[in-house]
Structure formats: structure tokens, C-alpha cells
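Reader: I am new to this structure. Please pick a single part and take me through it closely, then connect it to what lies elsewhere.

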Amino acid sequence: MRRGIAATALVASLALAATACGGSDSGDSADGPVTITWWDTSNATNEAPTYQALVKEFEAANKDVKVKYVNVPFDQAQNKFDTAAGSKGAPDVLRSEVGWTPAFAKKGFFAPLDGTEALADESKFQPSLIEQAKYEGKVYGVPFTTDTLAFVYNKDLFKKAGVEAPKTWDDLKKAAAKIKDKTGVDGYWGSTQAYYAQTFLYGEGTDTVDADAKKITVAGAEAKKGYGTWLSLFDGKGLHKADTTADAYAHIQEAFVNGKVAAIMQGPWEITNFYKGSAFKDKDNLGIATVPAGSAGKAGAPTGGHNLSVYAGSDEAHQKAAMKFVNFMTSQKAQETIALKNSTLPTRDDAYTAEVKADPGIAGYQTVLASAQPRPALPEYSSLWGPVDTELLKIAGDKESLDKGLSTAETAIAKLVPDFSK
């Protein structure tokens, strides 16, 4: 779940206007190479250069295909693609957040990839990531990068306090108090965002909805227990109070990387930024562990990441070229290169080479992937976090009770999935 894409809206809009074309609108000559357009939604500063270099490498090896590379700000890409696809002007390939994949597949905007060159290496990818790219039994995206949340901590501060990475949330409360006593800094700073609070639901064996039963569960007994634990971690010795400001994400991150708080919950998209902080000049000081378990004895975190998907509205020649490009970008060699350059997690096991795993951040996050819980193939699923985000912010800020907030979120979610029962 990548955040903070660095690109201006003006530059993006000009680029999109110039390049948002697939199929016959790309200006290919009869004898020349096929030109496809790729919308990359990665960080324009930290990640995009690696992808641009791989595009050149692909073109050098495939003279019959040219790639128009466009970096689209992540927070704008979903709506822009939705609009472009509806008017037959979408790019041939999209770097699609995993939650977008079933939604766009349902609308008929993505081409199924089963049996195509794009998915020729299907057996090499982690099965759960292939499942996450499916809609109604067909695969609509090739896993490109993956991520999940982990409990990340400052090993030095934990060692000074004589504590270890907690196995449960109760363990965390005890550890946070000891860290405060021994080091003077808070032991843990939690997030108010629904994506981060998802781990507390999984720890109680529940979710915002039960997709199979078509039931809204965000205000159920298990969810209330999970969110109750989440709320309790903002109050207590060594537990930092909730930050309800618009800059909370940056505040939490800055405090952690500079040793002002001993632990947070975070994803691998921040690995490179961890290392820029004063606390992690020695990369081995970064501790990475599975998120603590809830009362159900389960530890789970949401699976995030991105797939490469092919636009269904492109003609046959452009789809074929797009499939070849997707196969290249998700190959073992490309995945290894991306991991080494961008410190992101590969989606295929053979890309976790010794060189890749020499990065303690990547090696650490690989060990917690087993606790990552795939999202259900529900097109509306990612949008469900919106109402929860709104209410959790009020709850954490003492603006409303937990019961009231979850009831309000339940009502809002019912409008997004009207065929679900409460």
C-alpha cells in the first residue's frame, strides 16, 4: 500500500493527455514496432527510475515493441484509469493496486491472463498472490510487488529495556512500559488508519465484511473486541497518544526512524526511508517481526502490493505486445533488479536471491509474509476502508464512542455493498 507518490498534478495531467492511448490510437506504422503505453503508479523519485531503466532494457531486447512510460500519481491513478477505460483511451498496461484489480475486472476493463504469455511463469509466484489477482475464477493481473504490515522495532532500544518483540498485544503493553522506564522514549506509536487497524480484526478472526456470507461484520462482537484493543494502545505507559492530524503518518515515521519511539507497525514501502533515519544508520538495528496476535491466537496483516494488468480495450496486436512486456517486468531477473534497487518485496520465490536477502529489511519482511492475509475477491473491498478511516479518527480523538463509530461505519458500508446483510 504505497503512499506519498511524488509528482505534480500539472505534469501528470500533461503527460496523461499526451500518452493515454492504447490500441489503434498509438500511431503505429504498418511496418514499425507496436507502441504500448504503461501507466506506472510507483514513487516518481525513489522507484520510477528503476522501472524506466527496465523499460529500456525490454525495448533493446524486443525491437518489435516500444513502451511509452507514464508515471501517474498513485492517489490519482484509480480514477484516471476508470475514466480513460470507460472512453476507450486507457493505457495498454496498468500497475494496479491489488484492491483495484477485481473492481476493474468486474467492469470488463482488464483482460483475463490465464494461458497467456503474461502468466507463463504462474507456478513461480506465491499462490496467495495469484489468488488475490483473480475475479470469478480468472486471473486479471500478474503479481508485480507485494507487501504486508509488520511490527518494526528498534533493536537497540528493545535490548536496553530487556524486552523482545511481542507475541501478543498484551505483551506489547508490558514491553512499552519497560522501554519507557529504561530509555525514556515511548515503546509504541499506533496509527488511526483503517488499513493498519485491520490487523486487530484478523487477530480476532474477523474482517470488515464476510464476503462469502455476504454479511457486514465491522460492528460485530469480534470486530468490537479487535478495535477495542487497537484503541487501548493509545493510552498507557510507553504508549504514544493518537495523532489525529493530517500529518500523522509523517509524524509517526519521523519519530521511529530517529529513535524517538521504539516500535510502530509499518510496511516494506518504507524500508529505504528507515535507513535514512539516524536510528538505522546501522541497518541491522531494524527489527522486523510478525504483528502481535489477538485473543483468538491469530496474527494477521493485510496483503498489499500491485499487479500488472492488461487493458481489455486494446486491439490484438497491442494486447500481445503488452503480454510480452508484463512477462518481462515480472520475470525473475526483473524482480531481482527491482528488489535490489527499490527495496521492495518480490512476488516470486526465485527472486529472493542471496544478494536480495542481504538487505535485512527485505529478508525480515519475507519472514512475515506467511501471516499476510489476502483480500477477498470483492470489487468493493478496498473502498470499505474509507468509512472506517473516518470513524476511527473520531474514535481515537475522543469525538465519539467505539460503539457509535462502528455503527456509523456499518451504515456507510451497507451503502457500498447493498446486497450484504448486517
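Author: Start with Q132, found in helix 5 (residues 127-132). Helices here are DSSP runs of H or I with at least four residues, strands are runs of E with at least two, and both are numbered from the N terminus. The model is predicted: local features need pLDDT of at least 70, side-chain atom pairs count only at pLDDT 80 or more, and totals for chains, interfaces and linings use all residues. Residues are numbered from 1 along each chain as its sequence is written, and side-chain values use heavy atoms, with hydrogens and water left out.

Is Q132 buried or exposed? Q132 counts as buried, at 6% relative accessibility. Buried means under 20% relative accessible area, exposed means over 50%, and partly exposed lies in between (1.4 Å probe, protein chains only). What does Q132 touch? Apart from neighbours within four places in sequence, Q132 is in contact with V98, T303, G304, P374 and R375. Contact means heavy atoms within 4.5 Å.

Now the loop between helix 4 and helix 5. D121 lies there, and R348 lies in the loop between helix 13 and helix 14 (354-357). Their side chains meet in a salt bridge (3.2 Å, N to O). That term means a side-chain nitrogen of Lys or Arg within 4 Å of a carboxyl oxygen of Asp or Glu. The pair ties together parts that are 227 residues apart in sequence. D121 is partly exposed at 25% relative accessibility, whereas R348 is buried at 3%. Salt bridges with shared partners join D121, R348 and D350 into one network.

Helix 4 has a link too. The side chains of K106 and E380 meet in a salt bridge (3.5 Å, N to O). K106 lies in helix 4 (residues 100-106), and E380 in the loop between strand 13 (372-373) and helix 16 (385-396), so the pair ties together parts 274 residues apart in sequence. K106 is partly exposed, at 47%. E380 is partly exposed as well, at 22%.

The structure holds 16 salt bridges. One of them joins K333 and E57 (3.4 Å, N to O). K333 is in helix 13 (residues 332-342) and E57 in helix 2 (residues 48-61), 276 residues apart. K333 is exposed, with a relative accessible area of 54%. E57 is partly exposed, at 33%.

Three strands form an open sheet in the order 10-7-11, with antiparallel pairing. Two strands pair if DSSP finds at least two bridges between them. Strand 10 (263-266) and strand 11 (286-289) stand at the edges, each with a single partner strand, so one side of each has no neighbour in the sheet. Four bridges join strand 7 (residues 150-154) to strand 10. A150 stands opposite Q266 in strand 10. Helix 10 (residues 248-257) packs on the sheet, touching strands 7, 10 and 11, and its direction makes about 130° with that of strand 10. Axes are lines fitted to C-alpha atoms, for helices over the stretch in contact, and angles run from 0 to 180 degrees between N-to-C directions.

How far can the model be trusted? The mean pLDDT is 92, and 93% of residues reach 70 or more. Over residues 1-26 the pLDDT is below 50. The pLDDT is the predictor's confidence in each residue, from 0 to 100. Where it is low, the predicted coordinates should not be read in detail.
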